[in-house]
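Q: Please take a close look at one part of this model, the aromatic cluster and its surroundings. Which rings pair, and what lies around them?

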Amino acid sequence: MNTRSELFSIKHTPNIAEATYSTGDVMTEGESLNNAVAEPGSCSILQSITAIDMSDTGGTIYVIITDNSGDLGTVGSAINMADSAADNSLAIVELSNWVDLGGAKVCTKGNIGLVLKAYTTSKDIYYGVVNVSGGDIVIGTDEDIIFQFGVVKD
(Lines give C-alpha, C1' and ligand atoms only; values in the text may rest on other atoms or scores of the structure.)
Protein backbone atom coordinates (compact mmCIF):
# COMPACT_ATOMS: atom_id res chain seq x y z
CA MET A 1 0.00 0.00 0.00
CA ASN A 2 1.20 3.56 -0.71
CA THR A 3 2.52 5.52 2.24
CA ARG A 4 1.61 8.89 0.79
CA SER A 5 -1.75 10.30 -0.22
CA GLU A 6 -2.41 11.42 -3.77
CA LEU A 7 -5.09 13.71 -5.20
CA PHE A 8 -7.09 12.52 -8.19
CA SER A 9 -9.83 13.96 -10.34
CA ILE A 10 -12.09 11.34 -11.90
CA LYS A 11 -14.18 12.66 -14.78
CA HIS A 12 -17.22 10.57 -15.60
CA THR A 13 -20.21 10.99 -17.92
CA PRO A 14 -22.97 8.66 -16.75
CA ASN A 15 -25.44 6.99 -19.07
CA ILE A 16 -28.50 9.19 -18.50
CA ALA A 17 -31.18 8.40 -21.08
CA GLU A 18 -33.03 11.13 -22.94
CA ALA A 19 -36.17 11.62 -20.83
CA THR A 20 -38.08 13.82 -18.41
CA TYR A 21 -37.33 12.82 -14.82
CA SER A 22 -39.87 13.76 -12.15
CA THR A 23 -38.97 14.44 -8.53
CA GLY A 24 -37.87 11.19 -6.88
CA ASP A 25 -37.01 9.50 -10.17
CA VAL A 26 -33.78 7.57 -10.58
CA MET A 27 -31.88 9.19 -13.47
CA THR A 28 -29.06 6.65 -13.63
CA GLU A 29 -27.58 3.90 -11.45
CA GLY A 30 -24.64 1.52 -11.31
CA GLU A 31 -22.18 4.05 -12.71
CA SER A 32 -18.59 2.96 -12.03
CA LEU A 33 -15.74 5.19 -10.91
CA ASN A 34 -12.85 2.96 -11.89
CA ASN A 35 -9.83 2.93 -9.59
CA ALA A 36 -11.40 5.30 -7.06
CA VAL A 37 -9.23 3.67 -4.37
CA ALA A 38 -5.57 2.62 -4.56
CA GLU A 39 -5.87 -1.05 -3.53
CA PRO A 40 -8.76 -3.54 -3.62
CA GLY A 41 -10.96 -3.03 -0.56
CA SER A 42 -9.14 0.13 0.52
CA CYS A 43 -10.45 3.64 1.15
CA SER A 44 -10.27 7.07 -0.37
CA ILE A 45 -11.69 10.42 0.71
CA LEU A 46 -14.25 12.17 -1.48
CA GLN A 47 -13.29 15.84 -1.34
CA SER A 48 -15.47 17.37 -4.06
CA ILE A 49 -17.98 16.83 -6.82
CA THR A 50 -18.50 19.20 -9.73
CA ALA A 51 -21.41 18.61 -12.08
CA ILE A 52 -21.86 20.18 -15.52
CA ASP A 53 -25.47 19.99 -16.71
CA MET A 54 -25.36 20.22 -20.50
CA SER A 55 -29.21 20.21 -20.59
CA ASP A 56 -29.07 23.61 -18.83
CA THR A 57 -31.86 22.47 -16.48
CA GLY A 58 -30.17 22.42 -13.08
CA GLY A 59 -32.32 21.26 -10.19
CA THR A 60 -31.33 19.57 -6.97
CA ILE A 61 -30.02 16.03 -7.35
CA TYR A 62 -28.70 13.38 -5.00
CA VAL A 63 -25.55 11.51 -5.95
CA ILE A 64 -25.86 8.19 -4.12
CA ILE A 65 -22.51 6.45 -3.72
CA THR A 66 -22.16 2.71 -3.00
CA ASP A 67 -19.39 0.13 -2.81
CA ASN A 68 -21.03 -2.08 -5.43
CA SER A 69 -23.27 -1.59 -8.45
CA GLY A 70 -26.07 -0.47 -6.09
CA ASP A 71 -29.51 -1.15 -7.54
CA LEU A 72 -31.55 2.02 -6.87
CA GLY A 73 -34.65 0.65 -8.59
CA THR A 74 -35.88 1.32 -12.11
CA VAL A 75 -34.45 4.26 -14.05
CA GLY A 76 -37.24 6.75 -14.75
CA SER A 77 -39.24 5.62 -11.70
CA ALA A 78 -39.22 6.46 -8.01
CA ILE A 79 -36.19 5.27 -6.10
CA ASN A 80 -36.79 1.81 -4.65
CA MET A 81 -33.52 0.51 -3.25
CA ALA A 82 -33.60 -2.98 -1.77
CA ASP A 83 -32.42 -3.29 1.84
CA SER A 84 -29.50 -5.47 0.73
CA ALA A 85 -28.37 -2.75 -1.71
CA ALA A 86 -28.92 0.06 0.82
CA ASP A 87 -26.54 -1.75 3.18
CA ASN A 88 -23.77 -0.93 0.67
CA SER A 89 -24.42 2.83 0.66
CA LEU A 90 -21.38 4.95 1.42
CA ALA A 91 -22.69 8.50 0.97
CA ILE A 92 -25.45 10.70 -0.35
CA VAL A 93 -24.27 14.06 -1.64
CA GLU A 94 -26.81 16.76 -2.49
CA LEU A 95 -25.94 19.07 -5.39
CA SER A 96 -28.08 22.20 -5.53
CA ASN A 97 -26.08 25.37 -6.07
CA TRP A 98 -26.25 25.52 -9.87
CA VAL A 99 -24.85 28.54 -11.69
CA ASP A 100 -26.11 29.30 -15.21
CA LEU A 101 -23.17 29.77 -17.58
CA GLY A 102 -25.27 30.26 -20.70
CA GLY A 103 -25.55 26.91 -22.48
CA ALA A 104 -24.97 24.82 -19.36
CA LYS A 105 -25.29 24.97 -15.59
CA VAL A 106 -22.45 24.07 -13.24
CA CYS A 107 -22.58 23.05 -9.58
CA THR A 108 -19.78 22.31 -7.12
CA LYS A 109 -19.84 20.75 -3.68
CA GLY A 110 -16.48 21.04 -1.94
CA ASN A 111 -14.99 20.11 1.42
CA ILE A 112 -17.04 16.91 1.52
CA GLY A 113 -14.45 14.79 3.37
CA LEU A 114 -16.37 11.48 3.22
CA VAL A 115 -14.54 8.17 3.46
CA LEU A 116 -15.31 5.80 0.58
CA LYS A 117 -14.45 2.13 1.09
CA ALA A 118 -14.41 -0.15 -1.94
CA TYR A 119 -15.77 -3.67 -1.85
CA THR A 120 -13.16 -6.22 -0.69
CA THR A 121 -12.06 -7.33 -4.17
CA SER A 122 -12.51 -4.04 -6.03
CA LYS A 123 -10.85 -0.66 -6.55
CA ASP A 124 -14.09 0.83 -7.95
CA ILE A 125 -16.82 2.90 -6.33
CA TYR A 126 -20.32 3.19 -7.83
CA TYR A 127 -22.96 5.90 -7.94
CA GLY A 128 -26.44 6.74 -9.11
CA VAL A 129 -28.35 10.00 -9.52
CA VAL A 130 -31.84 10.85 -8.26
CA ASN A 131 -33.86 13.99 -9.08
CA VAL A 132 -35.00 15.68 -5.85
CA SER A 133 -35.59 19.14 -7.34
CA GLY A 134 -39.31 19.42 -6.67
CA GLY A 135 -39.89 19.57 -10.45
CA ASP A 136 -38.86 17.93 -13.68
CA ILE A 137 -35.33 17.58 -15.01
CA VAL A 138 -35.32 17.19 -18.78
CA ILE A 139 -32.40 15.44 -20.48
CA GLY A 140 -32.49 15.84 -24.27
CA THR A 141 -30.52 14.29 -27.09
CA ASP A 142 -26.76 14.55 -26.53
CA GLU A 143 -27.35 16.30 -23.20
CA ASP A 144 -25.77 14.82 -20.14
CA ILE A 145 -24.59 15.69 -16.67
CA ILE A 146 -20.81 15.37 -16.56
CA PHE A 147 -19.24 14.76 -13.15
CA GLN A 148 -15.75 15.47 -11.76
CA PHE A 149 -15.06 13.59 -8.53
CA GLY A 150 -12.11 14.86 -6.49
CA VAL A 151 -10.66 12.07 -4.33
CA VAL A 152 -7.64 11.58 -2.08
CA LYS A 153 -6.20 8.08 -2.34
CA ASP A 154 -3.80 6.52 0.14
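A: Buried means under 20% relative accessible area, exposed over 50%, and partly exposed in between (1.4 Å probe, protein chains only). At 2% relative accessibility, Tyr-127 counts as buried. Phe-147, at 0% relative accessibility, counts as buried too. This is a predicted model: local features need pLDDT of at least 70, side-chain atom pairs count only at pLDDT 80 or more, and totals for chains, interfaces and linings use all residues. Residues are numbered from 1 along each chain as its sequence is written, and side-chain values use heavy atoms, with hydrogens and water left out.

Now the rings. Rings of Phe, Tyr and Trp (its six-membered ring) pair if their centres lie within 6.5 Å; planes under 30 degrees apart count as stacked, over 60 as edge-to-face and the rest as tilted. By this rule there are 3 aromatic pairs. The ring centres of Tyr-127 and Phe-147 are 5.5 Å apart and the planes stand at 75 degrees, so this pair is edge-to-face. Tyr-127 belongs to strand β10 (residues 125–131) and Phe-147 to strand β12 (residues 145–153), so the pair ties together parts that are 20 residues apart in sequence. Strands here are DSSP runs (E, at least two residues), numbered from the N terminus. Phe-147 also pairs with Phe-149: 5.8 Å centre to centre, 35 degrees between the planes, hence tilted. Phe-147 and Phe-149 are both buried. Tyr-127, Phe-147 and Phe-149 form one aromatic cluster.

Next, the surroundings. Contact means heavy atoms within 4.5 Å. Leaving aside residues up to four places away in sequence, Phe-149 touches residues including Phe-8, Leu-33, Leu-46, Ile-49, Val-63 and Tyr-127. A nonpolar core is a set of buried Ala, Val, Leu, Ile, Met, Phe, Trp, Tyr and Cys residues joined through side-chain atoms within 4.5 Å. The largest such core has 30 residues. Phe-147 and Phe-149 are among those that touch the most other members, as are Met-27 and Ile-65. The largest share of this core, 4 residues, comes from β12.

Two strands pair if DSSP finds at least two bridges between them. β10 sits in an open sheet of 4 strands, ordered β3-β10-β5-β6 with antiparallel pairing. The edge strands are β3 (26–33) and β6 (89–95), each pairing on one side only. β10 and strand β5 (residues 61–66) pair in the antiparallel sense over 6 bridges. Val-130 in β10 is the bridge partner of Tyr-62.
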